[in-house]
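Biologist: I have a model open and want to learn how to read it. Can we go through it feature by feature?

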Amino acid sequence: METISAASQLFQFIVTGLTVGAIYAMVAIGFNIIYNVTEIINLAQGEFVMLGGLIMVFMHVTVGLPMILAFVTAVLLVTLTGMLLDRLAIKPIRQPSVMTLIIATIAASIVIKGTAMLIWGKSPYDLPAFSGRTPIELGGVIIQPQYLWVIGFLVVVTIGLTLFFNRTILGKAMAACADNPDAARLVGINVQYMVLLSFALSAAIGAIAGMTLTPIALMDYDRGAMLAIKGFGAAILGGLGSFSGAVLGGLLIGLIESLGAGFLLSGYKDAYALIVLLLVLFLRPSGIMGNFEVTKFKRF
Amino acid sequence: MASEPHRSHLLEIEDLVMAFGGLTALMNIQLRVAKGTIRAIIGPNGAGKTTLFNLITGVLSPTEGTIRFNGHVISGQKPHKIAALGISRTFQTVELFDNMTVIENVMVGRHLHISTSFFKCGLGLPAIRSQETAIEAHAMALLDFVGLADKANSMADSLPLGERKILEIGRALATDPLLVCLDEPAAGLNETETETAARLIKAIKDKGITVLLVEHDMKVIMNISDQITVLNYGEKIAEGTPEEIRGNPKVIQAYLGDSIAVV
Amino acid sequence: MVKKSAMALLAGLVIFGFSIQPALATYKVGAIFSVTGGASFLGDPEKKTAQMVVDQINRDGGINGEKIELIVYDDETDPTKCNLHAKKLISQDKVVAVIGPSVSGLSVAIIPVFEKFKTPLVSCAASYKIVYNEKTGKPNKWVFKTPQSDSLAVEAIYTKMQSMGIHKIAILTVTDGYGASGRHELLRLAQAYKMDIVADEKYDPKDADMTAQLTKIKGLAPQAIVNWSVGPTQVTVLRNWRDLGMTPITFFQSHGFGSRKNIELAAGAAEGVFCPLGACNIADLLPEDHPQKQVTMAYQKSYTETYNEPLSSFGGHAWDAIQLVVDALKAVGGDRAKIRDYLENKKGFIGQHGVFNFSPEDHNGLTKEAFQMVVVKDGDWALAK
Amino acid sequence: MLRIRKAPMGVGAIFILLFPWVAERLPAIEHYPDLMVFAGIYCLMTIGMSLLMGYAGQISLGHAAFYGIGAYASGILTTQYNLNPWLCILIGSAAATAVAVVVGAPSLRLRGHYLAMATLAFGIIINIVFREEAEWTGGPDGMGGIPGLDIFGYSFDSIHKYYYLVWIVVAIAFFFTIRLIQSPTGRALRAIHASEAAASAMGIDISRSKIVVFAFSAILASVAGSLYAHYMNFINPSTFDTLFSIKLVIMIALGGMHTIWGAVVGSVLFAFLSFEWLHQFGEYEIVVYGLVLMMVTIYLPEGLVGLPGRIAQRVRR
């Protein structure tokens, strides 16, 4: 085995960090979609990721559907779960305060997680990589093909959402709800429907994150909470509500973890990312790309 | 300049500039307010009136310039420090403590004049209890003054808008201010309520408290102000007594541009 | 008024929230396992095993004609719950002995309870701290354990390494109790076996990727890597090792790798990986004359038939624990002190994880021969030569 | 006006006083006082957090860190330095206060979800320290051998004795907090919750008030941690993890956020649900727990203390 040069090591850390960061970014984008329309932080976001992975495994490995078909079915099923979440756990709340909504989404995440445990048990599941497991070597840096899928999906999701919110009527209507729900209602936008749509959309993105992650890290019922916390951190670091912020935040957290594990004490790698997050918040109280004046007037 | 050099000035603003990013909300504002007078600040929407209030009360820090109050430089100070020096205010959007009763709202206004030691309060020392009785009486007297005594134990959020505005004024008075800044006290009120408010503002002046007033209702302005300052697009375009302002062509121009007639 | 009623309501809930009373039985044995929570990979097979063994004994007529009732509580890998359950088993359910908990930390956590209430505990967790009181230098009087200490697994690995000429190694551990205990032993015994640990890396139990840690290790070029974890990470780390082209560095897993399911999940990446396993993992590989051949084959057969899932080595610890208690009940009946004394002097007990020889100085009763070094070959275990 | 209601307090006090005596005589609930010890420890924390969240309107998802600081102060200082346990409780509280001020000063300027994330991050970082500094803390496996509490030779060595000790501390914290709420300080906190702009215009130093309350709740959590450590004789990092911080918030939501009674009722209820009642659902436990929580947010937004009021409303109609 050839030894590895310091430069290759650095690039390897970066590649790994970006991949893991891309997953966090997708979770953070999911947070933002719902937050922008409803101001709710949906802490069940991580469960969408978990469900996406497990349903994909079920459809592809257990049922035996071809990869693409399994992918589509899994996205649809998780999307449905997202819509049910809105209708069963969020919409019925009559006095929605921020605290109540946080508890409601935590409750929902517990129910989803518990149900997944009853269905799939506690063991981890594997999914074949989308295009094989033969690693690509690039100047001493090893890239798993699945890494490219993860980063590729992040790019697709980001571009897709940008087009959706800027170019389509539905997307613009959702953006309008985010800016001013009362005004949106006045011009005839069905806000309830938009809320439902936001849950559907962010569930779908969570599912995609889960399906691309599973071939790398396996999936089990208990993975959601950690992903939700990382994704929430990414969304906050980037600035709540900002999609570019979410991508930046996610990739940054992934990079800090990877570089921290590589160069410093690996036991503290999660702490490094959070310390950076805290320092950023102390200097910029609404994240890198957030708007302080907006957050200033949202209270508990 | 319409300033009066022979009277002592409670509030002195010099070369005040406030910029938000690229947008300049206030440009080179000079303002002197004499003790015991009612000074109105008027101007079309977006003229910078509320920004000026926020600068005086410490919600914002000016980009340039100084604000002096009763001999202290207050620009850049925190709101609670400024409140302690004797400036009190109301809000355009009515910021009452909706989770409290009417009298509790006023009692919060006594905060600066009482002991609020965490441990004394938690231990429920007799000193704190007798202090409570005293400030309750004080608050009741103030409610009597503003005419809300009979609503003392209602929840603040149950009052109609007119009374909410009055309560906010009452609460502002509870701090024993030298200067109160009233942000559109008559906005959204009907005629009777407006008259009540105007009477109350005059009564405040009679107590020797200086009043700074932002208002759109010209009838109120013309009736009760001693001096009027007119802002337009962040600049002071005129200053003087109601009579002087009424005939000022610049003012008429500014308002006609905004298609509102001056009474 | 409102608050008064709330208080009354609460009082009512507290008083009348009765738990279901268990039916009467002659011998009550308690069990505390981490059936859910972070250590469910231990507690789940342990609970299933203990239940299965008790059901079998009852079906076969019980102990001297008397049935056993197993009362199982799930501590959810939470020390507070574990502590509460222990006290409830002792003082309310009045069990004669308790097996479990699954986790070392929780076992240590409840030692004082068992010492105080003079009830035997047969722990299913590995740490030597469970049966070694640092103040007295002797075992805790009422506490036994069935799993091999982690030190035995480490010694088995280091012995194998020495025979392979390996002395420069990297260790990778997961940041939970399992990994920490393994790491502690790996570091402690390194000197005695002349091992030079060039990297001491960690990762979280929920981490998605360990490429960063492995890349760092790759730069230090050790001869072997020891990984100490359970759950999905021990599979992910193998895949990363393979993908990074690090297969020339020999990979050792802990005994936590002891399920064929893991070889399957590694999707080919486990090939050539060494790991120390107890007899019950490799029952079918044991020679016919091996003392444990019979019990391990029987356990494997009935477990896979009952639960239709592959055997996990951890279930075997519960098998050993419950069978030891049953053995004591058969011999001395339901007296707590007598059970304790019996267990302390038990010799030659043939279990899933070795032949136990207890003594007042040793409440574990196993030696490093309890582990067999195994290598993954053609997608299955093979005894390493 | 808020006035001290004597009747419910009397009922509560008598209940707490007599409970072990009653439980002892009913075999089915004989072990309940043991659960009540932990419920009391939780109460201590939620009382402080209720003041912070329900009254001052500041969310914290990191309070398990202060719980842990108290517990580890007691654990480390007693086992490694042989200090007197009571002194350790004081040192733990002082440490918690210091940390609360250092962390609170910059964090409490943040708002809403940003504050939630900052406190969450703080909690995780502290937990990683507990886990990683194994020389001091014993690492993930935890540390045992923490001595029990005694005073002038009287040892709190039985469940019932510890029960009374814990609940006396809870009662002190409870009365202190109730008086505080009804004092000018409490009024100022409620003012901050309703409108920070108006509160500061009335001369209230907002950042100072928030930090003081944050520190107060940190002290209560730290004392709770010490009491936990001396009762369990064992601590490990997972007891003080983020999940527990979230559980504290859930307790408050269960009981009702806007009164201190809610904290007490919520903590006791949570302890019994999670230690006892939900176990009857076997592996469905976690799902049932989630559903219960969901029902509370939907049907009882003011928490359980709001329930009698709702029933009364129904009846009157």
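Biologist: In which sense do β9(B) and strand β10 of chain B pair, and over how many bridges?

Modeller: Keep in mind that this is a predicted model. The two strands, β9(B) and β10 (residues 235–240), pair in the antiparallel sense over 5 bridges. One facing pair is L231(B) and K236(B). Together β9(B) and β10(B) make a hairpin, with 2 residues between them. In that turn, Y233(B) has a positive phi of about 45°.

Biologist: Which strand pairs with β9(B) in the parallel sense?

Modeller: That is strand β3 (residues 38–42) of chain B, over 4 bridges. There, A40(B) sits opposite I228(B).

Biologist: Are the two faces of β9(B) covered or open?

Modeller: Start with the general idea. In a regular strand, side chains alternate between the two sheet faces. Here both faces of β9(B) are covered. Q227(B), T229(B) and L231(B) are buried on one side, and I228(B), V230(B) and N232(B) on the other.

Biologist: Which residues have the most contacts inside the largest nonpolar core?

Modeller: Nonpolar side chains tend to be buried together in soluble globular proteins. The largest core here has 231 residues, and M36(D), I41(D) and W167(D) have the most contacts inside it. Helix α2 (residues 32–55) of chain D gives the most, with 17 residues.

Biologist: Where is the pLDDT of chain B below 50?

Modeller: Chain B has a mean pLDDT of 86, and 94% of its residues reach 70 or more. Over residues 1–6 of chain B, the value is below 50. Where pLDDT is low, predicted coordinates should not be read in detail.

Terms used
Residues are numbered from 1 along each chain as its sequence is written. Chains are lettered from A and ligands numbered from 1 in the order in which they are written. This is a predicted model: local features need pLDDT of at least 70, side-chain atom pairs count only at pLDDT 80 or more; totals for chains, interfaces and linings use all residues. Side-chain values use heavy atoms; hydrogens and water are left out. A nonpolar core is a set of buried Ala, Val, Leu, Ile, Met, Phe, Trp, Tyr and Cys residues joined through side-chain atoms within 4.5 Å. Buried means under 20% relative accessible area, exposed over 50%, partly exposed in between (1.4 Å probe, protein chains only). pLDDT is the predictor's confidence in each residue, from 0 to 100. Contact means heavy atoms within 4.5 Å. Two strands pair if DSSP finds at least two bridges between them.
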